[in-house]
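Hi everyone, thanks for making time this morning. I'd like to walk you through a few side chains and their neighbours, so let's bring the structure up.

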Amino acid sequence: QVQLVESGGGSVQAGGSLRLSCAASGRIFSINTMGWYLQAPGKQRELVAAITSGGSTNYADSVKDRFTISRDNAKNTVYLLMNSLKPEDTAVYYCNANAKRLSWSPWASYWGQGTQVTVSS
């Protein structure tokens with residue numbers, strides 16, 4: 001199994017910053033895309049940012065120029081630096097990884113348990 005463990009969430013005032021981390025562990029042959037999603041109360045989970053193993057990134061329009069996603073392939077870890085936070089960024093943030101457990105395994109999507117980010121005005 002592949003486990004994803006997030007850290008770095010918390011409460012911050014508007015305009016502040018937080019850095020989320022997510023480390024993948026377990027039996028892992030390869031990880032291609034890793035990403036961060038958010039889910040606000042009563043809403044569907046949505047993509048915040050994603051990064052491929054080669055470093056290509058994709059961001060939601062709402063976070064462009066404020067958030068930066070990065071990863072350390074050697075550590076199977078992905079980060080999300082969140083600057084200029086707004087109250088509307090408040091949500092549970094989930095880490096996601098598309099990974100193979102073995103060379104002959106199919107690609108599968110794995111999720112972390114989520115970390116709460118609360119931005120007050």
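Let me start with a question: which residues does G35 touch, not counting residues up to four places away in sequence? Keep in mind as we look that this is a predicted model. The contacts of G35 are A49, A50, I69, Y94, C95 and N96. You'll find G35 in strand 4, which covers residues 30-39. Is G35 buried or exposed? With a relative accessible area of 3%, G35 is buried, because buried here means under 20%. If you look for another glycine, G16 is 19 residues from G35 in sequence, and their C-alpha atoms are 22 Å apart.

Now, on to the aromatics. Searching the whole structure turns up one aromatic pair. The partners are Y37 and W111, arranged edge-to-face, with 5.0 Å between the ring centres and 65 degrees between the planes. This pair links distant parts of the chain, since Y37 belongs to strand 4 while W111 belongs to strand 10, residues 108-111, and 74 residues separate them. As for accessibility, Y37 is partly exposed at 24%, and W111 is partly exposed too, at 36%.

Where does the charged end of R45 sit? It is over the ring of Y94, 3.6 Å from the ring centre. R45 also lies over the face of W111, with 4.7 Å to that ring centre.

Definitions and conventions: Residues numbered from 1 in each chain as written. Predicted model: local features only at pLDDT ≥ 70, side-chain atom pairs only at ≥ 80, totals over all residues. Heavy atoms only, no water. Helix = DSSP H or I, 4+ residues; strand = E, 2+ residues; numbered from the N terminus. Buried < 20%, exposed > 50% of the residue type's maximum accessible area, 1.4 Å probe, protein only. Contact = heavy atoms within 4.5 Å. Phe/Tyr/Trp six-rings, centres within 6.5 Å; stacked < 30°, edge-to-face > 60°. Lys NZ or Arg CZ within 6 Å of the ring centre and 35° of its normal.
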